[in-house]
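Please take a look at the model below.

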Amino acid sequence: MPSALILGFDPHAVPGMDGDAMRAVLDRELARLGEHGIDASMALIAPDVSAESEVVAALSERDWDVVVIGGGIRKPEPLLTFFEQVVNLVRQHAPGAAIAFNTSIGDSAEAAMRWL
């Protein structure tokens, strides 16, 4: 069974975001991946100093076939350095995984399936 890891910010840790609503969308994405026979997991991180260790821990859980990096991490220009760090952590700790990017919180399944 192919595997996918979705990396994103914990919506409850982002000020001004409706964490419960966003988490529901993320949970639906995990369910959609499962419907396609993909063993999926999600690592939701806080945008703080614990992020690197949390990303490394998630990447090290198993050999992932694809890692989807969410838009919250890669789109805001002020987070460019953080985005680069995440990409390099994926390269280092999941070297066999494809890297995918979603266009919104609701199409992580499509992003993963492009590479599986």
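F82 counts as buried, because its relative accessibility is 16% (buried means under 20% relative accessible area, exposed over 50%, partly exposed in between, with a 1.4 Å probe and protein chains only). F82 lies in helix α4, residues 80-93. Helices here are DSSP runs of H or I with at least four residues, strands are runs of E with at least two, and both are numbered from the N terminus. Leaving aside neighbours within four places in sequence, F82 is in contact with F9, I45, A51 and I73 (contact means heavy atoms within 4.5 Å). F82 and L5 are 77 residues apart along the chain, and their C-alpha atoms are separated by 18 Å.

The model is predicted: local features need pLDDT of at least 70, side-chain atom pairs count only at pLDDT 80 or more, and totals for chains, interfaces and linings use all residues. Residues are numbered from 1 along each chain as its sequence is written, and side-chain values use heavy atoms, with hydrogens and water left out.

E52 is found in helix α2, residues 51-60. Is E52 buried or partly exposed? E52 counts as partly exposed, because its relative accessibility is 40%. E52 and F82 are 30 residues apart along the chain, and 9.2 Å separates their C-alpha atoms. Not counting residues up to four places away in sequence, E52 touches Q85 and L89.

## Overall build

The protein has five helices and four strands. Along the sequence they follow the pattern β-α-β-α-β-α-α-β-α. The radius of gyration is 13 Å, close to the 13 Å that the globule rule gives for 116 residues, so the protein is as compact as a globular protein of that length. That radius is taken over C-alpha atoms, and the globule rule is 2.2 Å times the number of residues to the power 0.38. The C-alpha trace spans about 35 × 30 × 20 Å along its principal axes.

Of the 116 residues, 41% count as buried. The protein exposes about 6,100 Å², and carbon and sulfur atoms supply 54% of that area. Accessible areas come from the Shrake-Rupley method with a 1.4 Å probe; for residues, only the protein chains shown count as cover. Among contacts with a separation of 6 or more, 71% come from residues 24 or more positions apart.

## Strands

Strand β1 (residues 3-9) pairs with strand β2 (residues 39-45) in the parallel sense, over seven bridges. Two strands pair if DSSP finds at least two bridges between them. I6 has M42 as its bridge partner in β2. The chain runs from β1 through α1 to β2, and this β-α-β crossover is right-handed. Right-handed means that, with the strands pointing away from the viewer, the path from the first strand over the helix to the second runs clockwise.

Strand β3 (residues 66-69) and β4 run parallel and are joined by four bridges. V67 has I99 as its bridge partner in β4. Side chains alternate along β4, residues 98-101.

## Salt bridges

Side chains of opposite charge can pair when their charged atoms come close. How many salt bridges does the structure hold? The structure holds four, where a salt bridge is a side-chain nitrogen of Lys or Arg within 4 Å of a carboxyl oxygen of Asp or Glu. One of them joins D27 and R23, at 2.9 Å from N to O. Both residues lie in helix α1 (residues 19-35), four residues apart, about one turn of the helix. D27 is partly exposed at 35% relative accessibility, and R23 is partly exposed at 34%.

E29, R32 and E110 form a network of salt bridges. E29 bridges to R32, with the closest N and O atoms 2.6 Å apart. About one helical turn separates E29 and R32, because they are three residues apart in helix α1. R32 also bridges to E110, with the closest N and O atoms 2.2 Å apart. This pair links distant parts of the chain: R32 sits in helix α1 and E110 in helix α5 (residues 108-113), 78 residues apart. E29 is buried at 3% relative accessibility. R32 is partly exposed, with a relative accessible area of 23%, and E110 is partly exposed, with 31%.
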